[in-house]
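Colleague: I am new to reading structures. Please pick one residue in this model, look at it closely, and then lead me on from there to the rest.

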Amino acid sequence: PVGNGTNYTPLELTFNSLSNSGTFTVSSSNGKHPNIGTSLLNSDKSVNSYWTLNNTGATFTSVDGTFGFPSGLADGGDYLVGLYDGSFWSYPNTTAASSTSVSFGGLGSLPGTATFALAECEPPTIALGTNPVVCEGTVSTELPYSAVTGSPVEYSIDFDATAEGQGFYDVDWGSLPENLISITVPDGASPGTYNATLIVRTEVDCESTGDVFTITIDPLPTAS
């Protein structure tokens with residue numbers, strides 16, 4: 001059994017295609033993972049226990065696991081699994097979560113020492129720059145941004161019905177470029193101001209709340 005004095009916090013592991021035997025030692029500790037602040041996880045929505053797994057010699061194709069904990073140890077949330085190898089975080093596929101257990105599957109390897117944290121993801125943020133203004137007939141523009149938090153890697157854009165009626169089209173998750181996001185302006189769109197919402201997300205599919213921006217098309221000047 002695995003526990004930390006007052007709490008029973010088991011970890012059940014299932015190894016697939018074990019090729020070399022070895023020894024595993026599992027322990028758990030009270031409190032939040034000491035390095036959770038460097039992860040994509042939200043320390044305020046976590047299980048207040050973390051697990052240490054030492055692997056000596058075992059190799060396998062993949063491993064599945066289930067962490068158990070009393071509901072009183074948890075802050076409440078939709079928990080993910082984070083694995084810290086002493087330098088970097090990775091995020092095994094979470095297959096099930098409840099108020100007293102979290103399961104993962106398909107983890108391809110384990111370092112000699114791994115520690116695990118359970119928590120909700122930390123939503124990323126992004127600070128948008130100046131809203132684009134273009135002249136009628138312009139077919140592209142750029143949306144500047146800065147000051148991201150949470151390491152977002154993808155973005156989507158949702159234009160409102162008025163913009164879509166002028167030919168603007170939504171972007172369904174593309175790689176987030178550095179500093180500037182290119183946007184296509186429909187040829188023939190009427191002068192006006194058009195609304196859209198930008199959402200960014202992290203590698204664990206944690207999404208931002210959404211930031212509204214506008215694209216303004218100015219009419220061409222006329223000779224007097």
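Modeller: Let's begin with Ser-87, which counts as exposed at 52% relative accessibility. Here buried means under 20% relative accessible area, exposed over 50%, and partly exposed in between, with a 1.4 Å probe and protein chains only. This is a predicted model, where local features need pLDDT of at least 70 and side-chain atom pairs count only at pLDDT 80 or more, while totals for chains, interfaces and linings use all residues. Residues are numbered from 1 along each chain as its sequence is written, and side-chain values use heavy atoms, with hydrogens and water left out.

Ser-87 sits in the loop between strand 6 (80-84) and strand 7 (89-90). Helices (H or I, at least four residues) and strands (E, at least two) are DSSP runs, numbered from the N terminus.

Now turn to another serine, Ser-46, in strand 3 (residues 41-46). Ser-46 has 1% relative accessibility, so it counts as buried. The side chain of Ser-46 makes a polar contact of 3.1 Å with that of Lys-32. A polar contact is a pair of N or O atoms within 3.5 Å; within protein, one must be able to donate a hydrogen and the other to accept it, and residues adjacent in sequence count only if both atoms are side-chain atoms. Leaving aside residues up to four places away in sequence, Ser-46 touches several others, among them Ile-36, Leu-73, Tyr-79 and Leu-118; contact means heavy atoms within 4.5 Å.

Thr-216 lies in strand 18 (residues 211-218), and its relative accessible area is 16%, so it is buried. Its side chain joins that of Thr-193 in a polar contact of 3.1 Å. Not counting residues up to four places away in sequence, Thr-216 touches Pro-132, Val-133, Val-134, Gly-192 and Thr-193.

The cysteines come next. How many disulfides does a search of the whole structure find? The search finds one, formed by Cys-121 and Cys-206 with their sulfur atoms 2.1 Å apart. A disulfide here is a pair of cysteine sulfur atoms within 2.5 Å. The torsion about the S-S bond of Cys-121 and Cys-206 is about 70 degrees, so this disulfide is right-handed. It links distant parts of the chain, 85 residues apart: Cys-121 belongs to strand 10 (residues 113-121), and Cys-206 to the loop between strand 17 (192-201) and strand 18. Cys-206 is buried at 4% relative accessibility. Cys-135 is partly exposed, at 42% relative accessible area.

Strand 16 shows how a strand can have two faces. In strand 16 (residues 180-184), Ile-181 and Ile-183 make up the covered face, while Leu-180, Ser-182 and Thr-184 make up the uncovered one. Why would neighbours point to opposite faces? In a regular strand the side chains alternate between the two faces of the sheet. Strand 16 pairs with strand 13 (residues 140-149) in the antiparallel sense over five bridges; two strands pair if DSSP finds at least two bridges between them. Among these residues, Ile-181 is the bridge partner of Leu-143.

Asn-179 is in the loop between strand 15 and strand 16 and has a positive phi of about 75 degrees, although it is not a glycine. Asn-179 is partly exposed, at 47% relative accessibility. Trp-173, in strand 15 (residues 171-175), is not a glycine either, yet its phi is positive, about 60 degrees. Trp-173 is partly exposed, at 22% relative accessibility.

Finally, step back to the whole protein. The protein has one helix and 18 strands. Its radius of gyration is 24 Å, well over the 17 Å that the globule rule gives for 224 residues, so the protein is more spread out than a compact globule. That radius is taken over C-alpha atoms, and the rule is 2.2 Å times the number of residues to the power 0.38. Along the principal axes, the C-alpha atoms fill a box of roughly 85 × 40 × 25 Å. Of the 224 residues, 38% count as buried. Among contacts with a separation of 6 or more, 70% are between residues 24 or more positions apart.
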